[in-house]
Amino acid sequence: SDVSSTSSVTHVSQYACQRKSTLDNKNKIFTDTLELLAENCEFDENAGSFVAYSRATSVLKSLPYPITGMNDLEGLPCIGDQTRVIIEELLEEGVCSKVESLLCDEKYKARKLFTSVFGVGVKTADKWYGLGFRTLEEIKARKDITFTKMQKAGFLYYEDILQAVKKSEAEAVIQIIGDIVGQCAPDAKVTLTGGFRRGKEVGHDVDLLITCLEEGNEEGVLHKAISKLDRHGLLLFCDVVEATMEKRQLPSRKYDAMDHFQKCFLILKLDKRLVNKRDYGLASGSAVRLTDKRTEDENKTMIKGWKAIRVDLVIVPSQQFAYALLGWSGSRQFERDLRRYCSQEKRMLLDNHGLYDKNTQEFLKAETEEEIFAHLGLEYIEPQERNA
Ligand code: ATP
Ligand code: MN
Ligand code: MN
């Protein structure tokens with residue numbers, strides 16, 4: 001609406017859902033720095049600065065050209081003073097002093113290290129830091145610390161989980177889950193979502209939606225599938241969260257809210273023989289050659305013959321499938337801006353279950369993501385363009 005007609009510079013929207021952001025990021029030097037600063041603000045629960053750095057990062061990711069001077073920032077939204085200072089320093093010095101000191105900061109280093117364990121959040125990390133711990137070895141060695149089941153699994157499979165999940169591994173996981181879920185309900189369908197759906201080559205986990213053609217058939221599928229995985233010896237860890245759906249509940253106003261679907265957070269034991277060999281650097285046959293192309297941890301995976309992989313499974317009733325797919329496809333910033341756009345520009349409320357129009361006081365049905373974008377008056381953005 002506020003596009004100036006005289007300007008030759010294309011207008012960049014303040015909302016990520018009105019920009020296209022592919023994985024071809026022309027401003028990685030800037031966005032890596034800003035993302036680290038945003039992460040530290042999130043650790044500090046400094047919501048204001050977290051949002052400022054995150055939005056600025058996202059705007060830079062959408063640009064088809066690299067920023068080469070401060071003039072390039074003219075007319076861009078969401079680039080505030082604290083961001084400008086960082087960009088200016090990077091342009092002049094090539095490094096950011098704030099990041100340099102953060103990377104040497106005891107508290108930041110401990111938070112980063114501790115939260116890299118599955119099941120450990122900032123609260124726990126800060127508790128351990130306060131107790132004087134600085135390494136994972138110190139924590140593991142203590143007999144007087146109680147760990148949750150999730151954290152125990154996190155320590156047990158730490159090296160595997162820390163390694164990124166590769167696309168070929170995600171494909172093998174889809175195959176396994178697809179087979180098993182198909183045995184639990186004949187009309188069940190598994191859909192890849194999350195970062196891999198956005199075209200990423202690696203991820204921290206595999207996000208899958210499970211839905212049935214006929215509404216209601218998905219009931220019981222999750223527990224059946226989990227016991228099958230267990231009987232096949234594939235289940236290393238499982239945390240089921242039951243559905244908490246209240247009928248006709250209005251979408252949450254929070255931009256970062258969790259959804260109400262039945263879901264589980266898994267660690268699967270993935271047999272390396274099920275994974276396409278190209279990603280393990282093996283030319284042919286089963287002989288394990290320790291080439292220096294692989295990391296030490298990857299070599300360990302090769303020797304033990306399997307790798308622990310984080311998987312999220314979400315059970316979705318078919319009526320809500322399009323909304324769940326949109327909500328789980330990410331990126332986080334794309335989702336936050338989509339919801340913010342809805343409430344600020346459209347007087348609508350969006351979440352992973354549906355879209356509520358406050359103007360007409362009704363829920364809007366959608367069978368595809370395209371229909372949801374149409375309801376919102378937005379140009380459709382492909383998943384590969386949602387890497388905001
Ligand atoms: P990565 O490659 O690191 O896994 P990702 O984009 O797939 O990147 P995830 O943390 O797996 O990141 O999340 C995928 C999407 O699902 C995000 O958009 C996030 O908002 C959403 N999401 C994650 N966890 C939940 C949850 N418990 N409830 C609702 N939505 C979630
Ligand atoms: Mn993911
Ligand atoms: Mn996930």
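**Close-up views of a predicted model**

View 1. Thr-191 has Leu-209 as its bridge partner in E4, where strands (E, at least two residues) and helices (H or I, at least four) are DSSP runs numbered from the N terminus. This is a predicted model, in which local features need pLDDT of at least 70 and side-chain atom pairs count only at pLDDT 80 or more, whereas totals for chains, interfaces and linings use all residues. Residues are numbered from 1 along each chain as its sequence is written, while chains are lettered from A and ligands numbered from 1 in the order in which they are written. E2 and E4 run antiparallel to one another, joined over six bridges, and two strands are taken to pair if DSSP finds at least two bridges between them.

View 2. The order E2-E4-E7-E6-E5 describes an open sheet of five strands with mixed pairing. Strand E2 (188-193) and strand E5 (235-241) are its edge strands, each pairing on one side only, and the twist from one strand to the next averages 25 degrees. Helix H12 (residues 221-231) lies across E2, E4, E5, strand E6 (263-271) and E7, and runs at about 165 degrees to E5; axes are lines fitted to C-alpha atoms, for helices over the stretch in contact, and angles run from 0 to 180 degrees between N-to-C directions.

**View 3. Strand E7 and its two partners.** Eight of the 10 residues of E7 are buried, so this strand is largely enclosed by the rest of the structure; a residue is buried if 20 or more other C-beta atoms, placed from the backbone, lie within 10 Å of its own, exposed if 12 or fewer, and partly exposed in between. With E4, E7 pairs in the parallel sense over five bridges, and Leu-208 finds its bridge partner in Leu-313 of E7. With E6, E7 pairs in the antiparallel sense over nine bridges, and here the partner of Leu-270 is Lys-307.

**View 4. The annotated binding site.** The "binding site" annotation in the unreviewed UniProt entry covers Asp-205, Asp-207 and Asp-312; positions are given in the numbering used here, feature names are shortened, and annotations may be inferred rather than shown by experiment. Although these residues span 108 residues in sequence, no two of their C-alpha atoms are more than 7.2 Å apart, so they gather at one spot. Asp-205 sits in the loop between strand E3 (202-203) and strand E4 (206-212) and is buried, with 21 other C-beta atoms within 10 Å. Asp-312 belongs to strand E7 (residues 306-315) and counts as partly exposed, with 16 C-beta neighbours inside 10 Å. Leaving aside neighbours within four places in sequence, Asp-312 is in contact (C-beta atoms, placed from the backbone, within 7 Å) with Asp-205, Asp-207, Leu-208, Lys-263 and Phe-265.

View 5. Gly-194, Gly-195, Gly-203, His-204 and Gly-330 come nearest among the 16 residues around ligand 1, a residue being near a molecule or strand if its C-beta atom, placed from the backbone, lies within 6 Å of it. Helix H11 (194-197), helix H14 (321-329) and helix H15 (332-346) are the elements that give two or more residues to this shell. The shell holds two nonpolar, eight polar and six charged residues, where Ala, Val, Leu, Ile, Met, Phe, Trp, Tyr, Cys and Pro count as nonpolar, Asp, Glu, Lys and Arg as charged, and the others, Gly among them, as polar.

Terms used
Contact = placed C-beta atoms within 7 Å.
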